[in-house]
Structures are given as structure tokens and as C-alpha cells.
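I opened the notebook to record what I looked up in this structure. The entries follow in the order I made them.

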Amino acid sequence: MKELATAILLAIALEGMFYSLFPGGAKRVMELMQEIPESQLRIGGLVAAVVAIAAIWGVRVWL
């Protein structure tokens, strides 16, 4: 449970850094996302999650 909490907080910290370092870029990305169909966003999010989980598993097994 401690690792899950750490991972979530790390993701929040990275997102906060992105917004603080590149606020204009973040706004442009959000504007562009409005034009992408929801089905495409769902598929992209699912693919990203699966790839990330596989990468985490790989790092934990091999490192």
C-alpha cells in the first residue's frame, strides 16, 4: 500500500511540475484534447496505462 501511495504522489508531483514549468504548453494541450473524440482518448489512456504497468512490472522484475 505504501508503494501505491508513493506512486500516486509522484504522479501528482510530476504533473504539478509540468503545469508550473510549461503553463502555456499545458493550456495548448488541453485545447487540443477538446478536439479529440472521447473514444480515442479512452483508447489512448488505456494503451498508456497498459504500457506503464508493463514497464513497472519489467523494472521490478529485472532491476
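Is Arg60 buried or exposed? I looked up Arg60 and found it exposed, because its relative accessibility is 56%. For this term, buried means under 20% relative accessible area, exposed over 50%, and partly exposed in between (1.4 Å probe, protein chains only).

Entry on the model. I noted that this is a predicted model, in which local features need pLDDT of at least 70, side-chain atom pairs count only at pLDDT 80 or more, and totals for chains, interfaces and linings use all residues. Residues are numbered from 1 along each chain as its sequence is written, and side-chain values use heavy atoms, with hydrogens and water left out. The predictor's confidence in each residue, pLDDT, runs from 0 to 100. I read a mean pLDDT of 95 for the protein, with 100% of its residues at 70 or more. Confidence is lowest in helix 1 (residues 2–21), with a mean of 94, and highest in helix 2 (residues 23–35), with 96.

Entry on the fold. I found three helices and zero strands; helices (H or I, at least four residues) and strands (E, at least two) are DSSP runs, numbered from the N terminus. The radius of gyration is 15 Å, well over the 11 Å that the globule rule gives for 63 residues, so the protein is more spread out than a compact globule. That radius is taken over C-alpha atoms, and the rule is 2.2 Å times the number of residues to the power 0.38. The C-alpha trace spans about 40 × 30 × 20 Å along its principal axes. Buried residues make up 3% of the 63 residues.

Entry on salt bridges. I searched the whole structure and found two salt bridges, each a side-chain nitrogen of Lys or Arg within 4 Å of a carboxyl oxygen of Asp or Glu. Arg60 pairs with Glu3, and their closest N and O atoms are 3.3 Å apart. This pair links distant parts of the chain, with Glu3 in helix 1 and Arg60 in helix 3 (residues 38–62), 57 residues apart. Glu3 counts as exposed, because its relative accessibility is 53%. Glu38 and Arg42 form a salt bridge too, at 3.7 Å from N to O. They are about one helical turn apart, because four residues separate them in helix 3. I noted both Glu38 and Arg42 as exposed.

Entry on rings. How many aromatic pairs are there? I counted three aromatic pairs; rings of Phe, Tyr and Trp (its six-membered ring) pair if their centres lie within 6.5 Å, and planes under 30 degrees apart count as stacked, over 60 as edge-to-face and the rest as tilted. The ring centres of Phe18 and Tyr19 are 5.7 Å apart and their planes stand at 55°, so I recorded the pair as tilted. For Trp57 and Trp62 the centres are 5.5 Å apart and the planes are at 70°, so that pair is edge-to-face. Both Trp57 and Trp62 are exposed. Ring pairs also link Phe18, Tyr19 and Phe22 into a cluster.

Entry on the nonpolar patch. I found a nonpolar surface patch of about 1100 Å², whose members include Met17, Phe18, Tyr19 and Phe22. Patches are made of residues with over 30% relative accessible area and no salt bridge; like charges are joined within 9 Å, and nonpolar side chains (Val, Leu, Ile, Met, Phe, Trp, Tyr) within 5 Å. Helix 1 gives the most to this patch, with six residues. Met17 lies in helix 1 and is partly exposed, with a relative accessible area of 46%.

Terms used. Areas by Shrake-Rupley, 256 points an atom, 1.4 Å probe, with all protein chains shown as cover.
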